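Colleague: Got the model open. Can you walk me through the charge pairs and a few surface spots?

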Amino acid sequence: MKKVSDYFGCKVFDDRVMKARLSSKVYQSLRKTIDEGAKLDISVANAVAAAMKDWAVENGATHYTHWFQPLTGVTAEKHDSFISPSPDGGVIMEFSGKELIKGEPDASSFPSGGLRATFEARGYTAWDPTSYAFIKGKSLCIPTAFCSYGGEALDKKTPLLRSMEALNRQAMRILHLFGNEDVKCVRTSVGPEQEYFLVDREQYLQREDLRLCGRTLFGAMPPKGQELDDHYCGRLRIRVGEFMQDLDKNLWEMGVGSKTKHNEAAPAQHELAPEYSTANIACDHNQLIMETMRTLSKKHGLACLLHEKPFAGINGSGKHNNYSLCTDTGENLLRPGKNPESNLLFLLMLCAFIRGVDLYADLLRMSAACAGNDHRLGGGEAPPPIISIFLGNHLTAILNHIAQGSDPAKVKPEEMDIGVDEIPNVTRDETDRNRTSPFAFTGNKFEFRMVGSSQSLAYSEVVLNTILADSFEQFANQLEPLEREAVWQQVQCIIRDTMRSHGRVIYNGNNYSEQWVMEAQRRGLPILRTSVEAFATLTEQKNIELFDHHHIFSPKETAARYEIQLENYIHVLQIEASTMLEIAKRQIIPSVIGYSGKLAESLHRLEQCGLHPQRLENHLRMVSDSTESVMALTEELETALEQAQAQPQLYQCAQQMSRQVRQAMEKLREKCDALEMVVDRRDWPMPTYTDLMHRV
């Protein structure tokens, strides 16, 4: 049996392969492009393409594809074979630098938010050399950016790369002020935790709502949910364990450092966490993780659900964005050190986050907004739709002391006595782990817990990188004109001013509590309860100017993303409402009528025998009345959907969908779920929650 180290990355054209297959001159030139952003010469591209093709063909590949991430939320690929005709009637295998660098998919067939008209079809994919090519199936996949004929970003990768450049540019100014002249670049290091559900595939195929919408539109709570807390980190079921082993192997072959796997809180819910990598690669890998989960689950007779809330009343799934800042010399800028009170660079980093999160909390909320996440945020398993920062009492006290002009060295870590004489007291960490906070400092990183499980990680990364770049720029502008001693004094002034102006965003308590909602309102923090409200923040001038100033999105690109998000939200709700109507009309109502007929027949036979079962008669009347109610509620939902679709403006349509349509859907669901609890199991037309969550 092969060791993992023998096959890890065997399907990746990584640095090891490039060193072995490229000449020293070509390799050094390519590394300069990857590490420093130097322009890529076409002769180098040709040499890389030839080596990449030879390696891919040797590993069984017959095609290549530019693998990109359009604004659909999933990846896209168009496959071309390596073959070219030869004069003797055969074929030769060719792949040029031009084909490596640029592709041309149809841009009009992807969401563009008005950046492209339907008749303007040309778009380009451009090779991203900072993310390694890999083999998937029989195709060489080349990670690429995707842009329009006019150069506007039509994907998730392009703005992410722009934001990484902006962050690096401004962070380097800060580091040089602190004397770190050996540092050449600063990169975000990201470790996204991916939550997901696994259900039996046969059961899944019998649920039209799961197949079309990714979540159950109907379903009564099972007798056993997650009340006993016995699923979290519990024993893996055999089928689940076999799936996870297969998943790890496939991901490891593609160079994805799948590290941690375990059962999550809800029945049938699980989690995978990879090793940390730079933001660009982490986002690419997360897309690969989700895609591979969906594909491999079929092989194991399972279906992978990545929706944020597949089951009402049961914990939903998120994608925790663990985010830190690292230099090319290996230093984590968010590591407090033994004496954080005297680590001014670390404290300045904290202040950059505090300032950025307070000023642009609305953008952070927007980056995690989608129709699915509206069902999850604010539940018992996810942060509320209010952005705040958790720092812990120790770090908060240090910053407050500086803000008040007192000595931060007076703040000492606490010792913890666990009550066993044989075990010595231990020092508490600077922070606890606040699972209720949307943005928590957890020792040497921040954890943004709000991102939804089905979402691309890239949007939240773009916002985080941009708001930090903005803070670093403001701080550097204040510090650069000063001499060395004055710099240290000004850093303390920045810390003081940040805490006074933006400290309101720090909250170390229970974010689930009603008291926090009231407190957040008192502090003036934005509370954006729905995705539609969050999307609207992209129309605010301060946010348009932020993205434009740091060259992340032009105003035109920002407007396009606003329109695309609204359109997607409307389409998701429209599909869900239409699916709900179809299930209610064609499955639930006929099944319940059939069950009512059986009841009536039983009642008639008993009455012929001289019996008058009142309870059976009452039960029949209740089922019949409920069926009438379901019919009336389907009409109500149809009307709400028609009224929403008739709205002339996208925002008004999305608002109607978010309010009236969802409310009508919830009313219909409630009545149908009540019927599920009383109708004969053999007559109910679809697998129940018990079937789905306890069948695997």
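Modeller: Let's begin with Arg 662. At 14% relative accessibility, Arg 662 counts as buried. Buried means under 20% relative accessible area, exposed over 50%, and partly exposed in between, with a 1.4 Å probe and protein chains only.

Colleague: Before we go on, what sort of model is this, and what cut-offs apply?

Modeller: It is a predicted model: local features need pLDDT of at least 70, side-chain atom pairs count only at pLDDT 80 or more, and totals for chains, interfaces and linings use all residues. Residues are numbered from 1 along each chain as its sequence is written, and side-chain values use heavy atoms, with hydrogens and water left out.

Colleague: Fine. Which residue forms a salt bridge with Arg 662?

Modeller: Asp 374 does, with the closest N and O atoms 3.6 Å apart. Helices (H or I, at least four residues) and strands (E, at least two) are DSSP runs, numbered from the N terminus.

Colleague: And Asp 374, buried or exposed?

Modeller: Buried, at 12% relative accessibility.

Colleague: What's your salt-bridge criterion?

Modeller: A side-chain nitrogen of Lys or Arg within 4 Å of a carboxyl oxygen of Asp or Glu.

Colleague: How many salt bridges does the structure hold?

Modeller: 41. Lys 542 and Asp 362 make one of them, at 3.2 Å, N to O. That pair spans 180 residues, from Asp 362 in helix H12 (residues 361-367) to Lys 542 in helix H18 (residues 541-549). Asp 362 is buried at 7%, while Lys 542 is partly exposed at 34%.

Colleague: Which residue pairs with Asp 683?

Modeller: Lys 598, with closest N and O atoms 2.8 Å apart. Asp 683 lies in the loop between H21 and helix H22 (689-693) and Lys 598 in helix H19 (residues 555-608), so the bridge ties together parts 85 residues apart in sequence. Asp 683 is buried at 14%; Lys 598 is partly exposed at 46%.

Colleague: Which residues do shared partners join into one network?

Modeller: Arg 365, Asp 374, Arg 662 and Glu 666.

Colleague: Switching to the surface. Which residues gather in a patch of negative charge?

Modeller: Glu 181, Asp 182, Asp 328 and Glu 331. Patch members have over 30% relative accessible area and no salt bridge; like charges are joined within 9 Å, nonpolar side chains (Val, Leu, Ile, Met, Phe, Trp, Tyr) within 5 Å. Glu 181 is exposed at 56%. Its place is the loop between helix H6 (157-177) and strand S9 (186-200).

Colleague: Which residues form the nonpolar patch?

Modeller: Val 57, Ile 83 and Met 93, with about 210 Å² of accessible area together. Areas come from the Shrake-Rupley method with a 1.4 Å probe. Val 57, in helix H4 (residues 42-58), is partly exposed at 31%.

Colleague: Last one. Where does Gln 69 lie?

Modeller: In the loop between strand S1 (63-67) and strand S2 (79-81). Gln 69 is buried at 3% relative accessibility.

Colleague: What does Gln 69 touch?

Modeller: Leaving out residues up to four places away in sequence, its contacts (heavy atoms within 4.5 Å) include Val 74, Asp 155, Lys 156 and Asp 284.

Key:
Lys and Arg count as positive and Asp and Glu as negative; His and the chain ends are not counted. The place of a charge is taken as NZ of Lys, CZ of Arg, CG of Asp or CD of Glu.
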